[in-house]
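Biologist: I'd like to learn how to read a protein model. Could you walk me through one?
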Amino acid sequence: MTSGLTNAVFGDRYRVVEAVGSGGMATVYRGVDTVLGRDVAIKVMHPHLAARSDARARFSREAQAIARLHHPNIVDVYDFSHGESESAYLVTEFVHGVTLTEFTAAHGPFLPQSAALIGQAIASALAHAHAAGIVHRDIKPDNLMISRDGTIKLMDFGIATAMDLEQMTATGAILGSPAHMAPEQIEGRTVDARVDVFAFGTLLYALVAGRLPFMASNPHALFRLILEGVYDPPSRHNAVVGRRFEELLATCLARDPDDRWSTMSAAQEALAAYLRDHELVEPDKLLRRLLTAPEQFQHEIRPNLITVLCAEGRREAREGSLALAIDAYNRAMAIDPDAAEPRRGLTELTSQSRRKRRLRAVAAVALGALVTTGLAVAVRRHFAEPATAPGPEVPAVAPAVAVQPPQLLPPNTAELAAAEERDLQEAKRQSEIRRIEAELAARAAQTAPVQADAGATEPKQPERVAAAQPAKAPPRGPPRPSRRPPASKANEETTVRSAGPKLASPPEPEDGLVEVTLGSTPAWAKLYLDNKLVSDTGFARVSLVSGSRHTLRCEPFLNSCPECPRELTRPVLVPDRPPDVPFRVACDFRQWAPARAAP
């Protein structure tokens, strides 16, 4: 980048070397302090704006505001122009490094714990600025520099607002970067420090998801998404992101400012607690390692994170939160699919879940038998015991008159009614038992894992068991206890869904990968590609030809996703790709995920 100001001197000591960037208000140059012999950044206001008194006032306000800030994560201000100067300029330290945008593009997306380390440093800088009464209003990755020694620096307070000064915004102008703007900025309402909290949330989201939360083809559509608060959960783009980190992001990105963190200090403390819970102490030291060697750092902390997540899974399981326990183990497997501890934990959870369901089913059958027996006894007593009717009223002077008891049903009629009631209940119970036996037989037939290559012969279709019809009444006799669990409401439909095999870890992709996921919690399911069974674990390797069309059907097992639909079917178009690039397609039971080629 060249400029006509090359070799120009400002303030009799700052010589311009080269232009390094340009914005809406000014151009930034790399310069040299000829007195101290150090590199500096010289920010020179555009001439057409410098001629306007309001723009010069805003620029002067920036210089005075930043000059009051002294923080390790904020660029230092060395000098700035005074009122009598012909040019409006600002001299700050020059950071040798890359922007956060370039750093994320080269090394992201990051583990949420790594994003929390970066976010805590940024939150500390913003908390310091807010304490001095300054709102940045233009937080974005391009305004954050990462130096070669592993320090992150916040810069460019070009549109910062001093809370104690009158706002100096041109009529109708919107100051800030659209993708990071808070709803109140878009609507032109009064803003405070919480606009920086919102923009900070967009930064954290981009660090873990590799993309911004709000993206659209034009500014109008982008503003509509921000105003409506519509964005995908980051776990849809990075399975390692857990619910706690998503809740932290949701607090930052709340549409109503009152629902966000009230201060950046509160957000900083939330991140610090998140890091402590994952046994990441000394954040300053860890951040320096992350910013200087990101891949190596994240590889080093993975074993510890897996241990922490497995401990979380065991704790949630002990407290009875099965879904949260599975989520913790699945996040551990997303960090390292080959890790044995989370896979073993998932297997134990599956076994425990099956045992609990069986115990509940047996208890339900026993309770049903007790209720049935109690009803039969009550009916028998009702018809067998005589009822005493009140006698007619007589005058006090009248002699006592014997009252005749009412006519009772013949004993044989009462016995017959009780027997019929007992036979009817027994018939219903036997019908339920037959239906459950059919379901268990279907589950037993599907427990063996099936793997098929694309060239294999077509396997048998999964067995569908029709609901048993009511049986004829059995011979009279006392009801027999049953060890079979009763069918649930979901099994009253015409088909019975299998509970599925033990959970297993996904294989590494080779020629191609068909994958079933449910956000950050994978759902183990049977997969049919073109009506051919290719997996009963939710993962399969198949050879798919570029440009070919297929049909993928997913049937989740009960133990992996009790709330999922019985099956989902979607068309698949294989995109053109090199032979060594696998094709990945997923069934997402909350919302279809688009087919994509993934390296």
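Biologist: Among contacts in the chain between residues at least 6 apart in sequence, what share joins residues at least 24 apart?

Modeller: A contact means heavy atoms within 4.5 Å. In this chain, 65% of the contacts between residues at least 6 apart in sequence join residues at least 24 apart. Keep in mind that this is a predicted model, where local features need pLDDT of at least 70 and side-chain atom pairs count only at pLDDT 80 or more, while totals for chains, interfaces and linings use all residues. Residues are numbered from 1 along each chain as its sequence is written, and side-chain values use heavy atoms, with hydrogens and water left out.

Biologist: How many helices and strands does the chain have?

Modeller: Helices (H or I, at least four residues) and strands (E, at least two) are DSSP runs, numbered from the N terminus. Here you'll find 14 helices and 19 strands.

Biologist: What span does helix α4 reach?

Modeller: The expected span of a helix is 1.5 Å times one less than its number of residues. Helix α4, residues 112-131, has 20 residues and reaches 27 Å from its first C-alpha to its last, close to the expected 28 Å. After α4 comes Gly-133, with a positive phi near 85°.

Biologist: Why is α4 called largely enclosed?

Modeller: Buried means under 20% relative accessible area, exposed over 50%, and partly exposed in between, using a 1.4 Å probe and protein chains only. In α4, 17 of the 20 residues are buried, so the rest of the structure largely encloses this helix. Across the chain, buried residues make up 45% of the 599 residues.

Biologist: At what angle do α4 and α9 cross?

Modeller: Axes are lines fitted to C-alpha atoms, for helices over the stretch in contact, and angles run from 0 to 180 degrees between N-to-C directions. The axes of α4 and α9 (residues 264-277) come within 8 Å and cross at roughly 155°. Residues making the contact include Ala-116 and Gln-120 of α4 and Leu-271 of α9.

Biologist: And which residues join α4 to α6?

Modeller: The axes of α4 and α6 (residues 194-209) come within 9 Å and cross at roughly 160°, which makes α4 roughly antiparallel to α6. Among the residues in contact are Ile-118 and Ile-122 of α4, plus Phe-200 and Leu-203 of α6.

Definitions and conventions. Angles under 35 degrees count as roughly parallel, over 145 as roughly antiparallel, 65 to 115 as roughly perpendicular and the rest as oblique.
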